[in-house]
Amino acid sequence: MNTTLTATRSTAQQVAAGSGRLQERVARRTGLALLAWSRAAEARRARSERTRADDLARTAGLQREADRLRDANFSTLALVARTF
């Protein structure tokens, strides 16, 4: 006679175990998706900040060039006016 006890899982226990694994997979995928979204958002912000810095540098360069040209025009006009 076999006196060993065997524990069998009920259908409810099997469903609960499967549900737990499903929730774990969903949580893991959700976490990975949020991490990817966060990294992409950070990359967009970094690109945007570099673009703004480039725009500011370009604007400053153009301002210096405009000042130089204005000064050169003023000098030219002063020389022309002096000859008359």
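A residue counts as buried under 20% relative accessible area, as exposed over 50%, and as partly exposed in between. Keep that scale in mind as we walk through this predicted model.

**Overall picture**

Let's start with the fold. The protein has 1 helix and 0 strands. That helix, α1, covers residues 11–83. Of the 84 residues in the protein, buried ones make up 1%. The protein exposes about 7,900 Å², and 60% of this area is supplied by carbon and sulfur atoms.

**Salt bridges along the helix**

How many salt bridges does the protein have? The count comes to 5. Three of them can be described in detail, and here they are side by side:

| Salt bridge | N to O distance |
|---|---|
| R45 and E42 | 3.0 Å |
| R58 and D55 | 2.9 Å |
| D67 and R70 | 3.1 Å |

**How open the partners are**

Are R45 and E42 buried, exposed or partly exposed? R45 has a relative accessible area of 44%, so this arginine is partly exposed. Because 44% lies between the 20% and 50% cut-offs, R45 falls in the middle class.

D55, which meets R58 in a salt bridge, is partly exposed with a relative accessible area of 35%. D67, whose side chain meets that of R70, has a relative accessible area of 26% and is partly exposed.

Technical notes:
Residues are numbered from 1 along each chain as its sequence is written. This is a predicted model: local features need pLDDT of at least 70, side-chain atom pairs count only at pLDDT 80 or more; totals for chains, interfaces and linings use all residues. Side-chain values use heavy atoms; hydrogens and water are left out. Helices (H or I, at least four residues) and strands (E, at least two) are DSSP runs, numbered from the N terminus. Buried means under 20% relative accessible area, exposed over 50%, partly exposed in between (1.4 Å probe, protein chains only). Accessible areas come from the Shrake-Rupley method with a 1.4 Å probe; for residues, only the protein chains shown count as cover. A salt bridge is a side-chain nitrogen of Lys or Arg within 4 Å of a carboxyl oxygen of Asp or Glu.
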